[in-house]
Number of protein chains: 2
Amino acid sequence: MQDRIPEPVTPSVRVLMGPGPSDVPPSVLEALARPTIGHLDPEFLAVMDDVRSMLRTLFGTTNALTIPMSGTGSAGMETCLVNLIEPGDRVVVGVNGVFGMRMVDVARRCGADVVPVEKAWGQPFHPDDFSGVQGSAAKLLCLVQAETSTGAWTDLTGFRSVADNMGALLLVDAVTSLGGKPVDLDRHGVDAVYSGTQKCLSCPPGLAPISFSERAGSVLESRKTPVQSWYLDLTMIGRYWGAERAYHHTAPINLVYALHQALRLALLEGLDNRYARHALHGSALVAGLEAMGLQLPVSADARMPQLTVVAAPAGVDEASIRRRLLSTHGIEIGGGLGVFKGKVWRIGLMGAAATRRNVTLCLSGLTQALRAEGFAAAGDGVEAAAGVYRSQQ
Amino acid sequence: MQDRIPEPVTPSVRVLMGPGPSDVPPSVLEALARPTIGHLDPEFLAVMDDVRSMLRTLFGTTNALTIPMSGTGSAGMETCLVNLIEPGDRVVVGVNGVFGMRMVDVARRCGADVVPVEKAWGQPFHPDDFSGVQGSAAKLLCLVQAETSTGAWTDLTGFRSVADNMGALLLVDAVTSLGGKPVDLDRHGVDAVYSGTQKCLSCPPGLAPISFSERAGSVLESRKTPVQSWYLDLTMIGRYWGAERAYHHTAPINLVYALHQALRLALLEGLDNRYARHALHGSALVAGLEAMGLQLPVSADARMPQLTVVAAPAGVDEASIRRRLLSTHGIEIGGGLGVFKGKVWRIGLMGAAATRRNVTLCLSGLTQALRAEGFAAAGDGVEAAAGVYRSQQ
C-alpha cells in the first residue's frame, strides 16, 4: 500500500509570529536532539529535578507539585480539571474567548455543574464580574489569564477573595503568559495552573507545565471517585516525578531536555529583563499598527505584549494577507478563532520571537501585503515603531 | 527561589536495551531538531499526510483514521478506550501482565462493566481462553499483542471470530510490536489499535500511533454520550488530521518530524528485512542466555525477539546487576513490573538497537556483572550467540 517512500522532512525556516508555536532558539533545538536515555536513568531523574525547580521560579511558586505533563497545553487544562472535579461539583468559569469556552466543555465532560460567566470577547475580567455568582459555594473558579484567542489579559489581583467567597480553588490558564509576563502564582493565591511550552518559553510543543498548591493537592488526595483519566492522573504521576520515582508512563525524554534548556535561557536572561523585553517590543508593534490606521479590539489597559490582536480592515481578506506574508517573507501570523474567525489577525511576539527585527519585518511585510490587496496604510508603521525604540533608549 | 541556574543537559550515550525507549538513530535525532513550523503550515500538513500513509503500511491497514496521538503509548491506550466505551458497556479484557491490567483500570474509569479474563504472567492468549465469556454480548474484546511486562506474544489469529461471537470490536495493544514483528491489522480484522514510538520504531517517546477501522469509526460517530476526554476526542482530532484541518490542539511538531524519519528508515530497510533482523538477533540473545544457564519464563513458541524476559538467578540482586551494567558499560536493561518485580530482567532488541553488536555486548556485560555478584554462568553466552550467527550465514 506504500507506493513511494516520502522524502526527508526539510521544513522552511519560518518567522513564527502567530499565537504559537514561537521561534525556537538553536540551543533549544540542540538540546532536543541530545541522545535519548531511559526515563528511570539517574541522569534523567536529575534533569527532571532541575526542570521542576526552574518551573517553580517561572511560575512564581514554591508548590511541590510542579511538573510538565506529557501533552500539549490542552492536556494541561484537562489535567487540572479532571484531577480537581468530581461529578456534580459546581464550577464557575470566566468565558471571554475560546479557551474559557474550552474549560466549560472539559469541565462538563468531568460531570461538573458548570456556571459560565460571560463577557464580551476582547474584554478582561474584573472581580466585580463575579458578584452575581458568589452566593453559592463552588469547587473551582476558573480564569484565563492570557486569552490566546483575543489577546485580552486578566489581572488576577482580587480573584483570591472571589474564590474564597465561594469556598473555591482558583484555577488559571497561563498558556500564553508563562515566560512573557509574570504569572505570580503564590502572590495571587492561585491553586492550580497549566501552561504550554510553545508560547513565551520558545520550546517546541508537546509538554504542559502545571502546578498545584498544597490546598489543591489536599483536594486531590481526598477524592471520593477515581480521576477519570488514567494518563493524566496526578495521584499516580506525582509518584514518578516525586521521591518514589514510580513508573507511570514513559516521559517524552527529549522534549524534557528542550524544556530544560528553554527554562535555562529564561533564567540566564533574567525574568525582569525578559518581561521588559516583551513589553518593549509589544508597545512598538502596537504603535506601528495604530500608525497604519488598524484597529485593536482590546483596550490599551488589557493588552498583553506577547500577543496583539488586530482587526482586518473592511474589504480585506484576512486569510489572503496571511498567505502573502507566509509566501513572500516566511512570516506566520495567526487568524481569528470563534467569534473572531475571519475578522482579526493574531500577532505573537513570544519568547525568542520578541525582537526589534521581527517587529520591523512584520510591520513592513504587513504594509506590503495590505497594499497588494488594495489597502493603503494611513501612516508609516515601521517609523512609528522606530519612534518607540528611540524613546526608550 | 532559584539559587542556581542548572548546567545544560549533557546526557551520556547509553545502549538502550530495556523495554523502551530504544536507541534512536542519528538521522531521527536530526529530524527532531529541524526548525519548528506552525501546526497549520502547509508544509507541516504535507508531513502529516506522509506520516499517516507510512503508519498505515507499518500497521498493515488501509484505515483512513490512522494518526499519531499527542502523548505516549498510554495516551494511545486511553484514546482507544475513551472513544469506544460508553458507561455500562461490557468490555472483555485479556489480562496476562501489567498492560492488560492497565486496560482494565482505564476501561473502568470510562464506566465500563469490565470482564477480565486472566492468564498466568508470561503465557500468551489463545481463542479458547475466551470460551467462558462468549455467551454474552460485549462492546469490546481487548488484547495485548506484545505484553511488555512479560515478553509474551499473543498471536491474533482466530480472535476476530471470538470478537464476532460477542458482537464486539477487537482492540489491540501493539505498543511493543509495531516495527518489530508484523501487526497485520487488516489480516486479523482488528478494529482499534494503539502503539508507541519509543519501542521498535526507535523514535523518542511522546507520540502514540493509533488506527481505527471503519466499523470502529461508526461506533465512534454514533455515540450517545460525549467522549469523556476532550484532549483525546477523536471526533474532533480526526477533523485536524483529516481533510478539514480544523484546529484542535497544537501538535508536537518536532516529534512528528522524528516519527516521519523513523518510519522512513523502517520502509527503506524493508519491513520483511526488519522483522527478519529482529528475529535473528532475538534468537541469538536467547541462545546466549540459555547457554549461560539462565531461565526464560516465556515458552519458546510465545517469545518475541524484540523483548526477552529472563529470570534473575536465585540469590542474585537483579537491581544490582542493572546498576552494574549501566555504570560499567552504559547499558540499560529493564527490571520487572508487577508480579515480576525484583525477579526478572527485560532485555530489549528494539528497532535500531537490534544489532549483533548489542547482543554480544549485553551477553558479555551480563556475564561479567553476574560474576561480580558471585554467580558463574553455566556456559559461554557470547559463543552460543555467535553460533547462531554462523548458522544463519
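Modeller: The model is a predicted one. In chain A, strand β3 (residues 90-95) and strand β4 (residues 113-118) run in the parallel sense and share 6 bridges.

Colleague: How does the chain get from β3(A) to β4(A), and what is the hand of the crossover?

Modeller: The path leads through α4(A), and this β-α-β crossover is right-handed. The label applies because, with the strands pointing away from the viewer, the path from the first strand over the helix to the second runs clockwise. α4(A) lies across β3, β4, β5 (140-144) and β8 (169-173) of chain A, at about 160° to β3(A).

Colleague: Which sheet of chain A holds β3 and β4, and what is its strand order?

Modeller: The sheet is open, has 7 strands and mixed pairing, and its order in chain A is β2-β10-β9-β8-β5-β3-β4.

Colleague: Which strands of chain A are called edge strands, and what makes them so?

Modeller: They are β2 (65-69) and β4 of chain A, each of which pairs on one side only. Between neighbouring strands of this sheet the average turn is 15°, direction ignored.

Colleague: How do the helices α3 and α4 of chain B pack?

Modeller: Helix α3 (residues 73-84) and helix α4 (residues 98-109) of chain B pack at an angle of about 45°, and their axes are 10 Å apart. That angle makes α3(B) oblique to α4(B). The crossing of α3(B) past α4(B) is right-handed.

Colleague: Which residues make the contact of α3(B) with α4(B)?

Modeller: α3(B) supplies Met77(B), Glu78(B) and Leu81(B), and α4(B) supplies Arg102(B), Met103(B), Val106(B) and Ala107(B). By class they are 5 nonpolar, no polar and 2 charged residues. Glu78(B) and Arg102(B) are in the contact, and Glu and Arg both count as charged.

Colleague: Why are β11 and β13 of chain B placed at the edges of their sheet?

Modeller: The sheet is open, with 3 strands in the order β11-β14-β13 (chain B) and antiparallel pairing. β11 (307-311) and β13 (334-335) of chain B each have a single partner strand, so one side of each has no neighbour in the sheet. β11(B) pairs with strand β14 (residues 344-348) of chain B over 5 bridges in the antiparallel sense, and Val310(B) stands opposite Trp345(B). Helix α10 (residues 271-291) of chain B packs on this sheet and touches β11 and β14 of chain B, its direction making about 10° with that of β11(B).

Colleague: How many residues does each chain bring to the contact between A and B?

Modeller: 67 residues of chain A are in contact with 67 residues of chain B. α9(A) gives the most to the side of chain A that touches chain B, with 9 residues. By class, that side of chain A has 32 nonpolar, 23 polar and 12 charged residues.

Colleague: What is noted about the backbone of Ser202(B)?

Modeller: Ser202(B) is not a glycine, yet has a positive phi of about 55°. Ser202(B) is in the loop between β9 (192-194) and β10 (208-212) of chain B.

Methods. Residues are numbered from 1 along each chain as its sequence is written. Chains are lettered from A and ligands numbered from 1 in the order in which they are written. This is a predicted model: local features need pLDDT of at least 70, side-chain atom pairs count only at pLDDT 80 or more; totals for chains, interfaces and linings use all residues. Axes are lines fitted to C-alpha atoms, for helices over the stretch in contact, and angles run from 0 to 180 degrees between N-to-C directions. Helices (H or I, at least four residues) and strands (E, at least two) are DSSP runs, numbered from the N terminus. Angles under 35 degrees count as roughly parallel, over 145 as roughly antiparallel, 65 to 115 as roughly perpendicular and the rest as oblique. A crossing is left-handed if the near helix is turned anticlockwise from the far one by less than a right angle, and right-handed if clockwise. Two residues are in contact if their C-beta atoms, placed from the backbone, lie within 7 Å. Two strands pair if DSSP finds at least two bridges between them.
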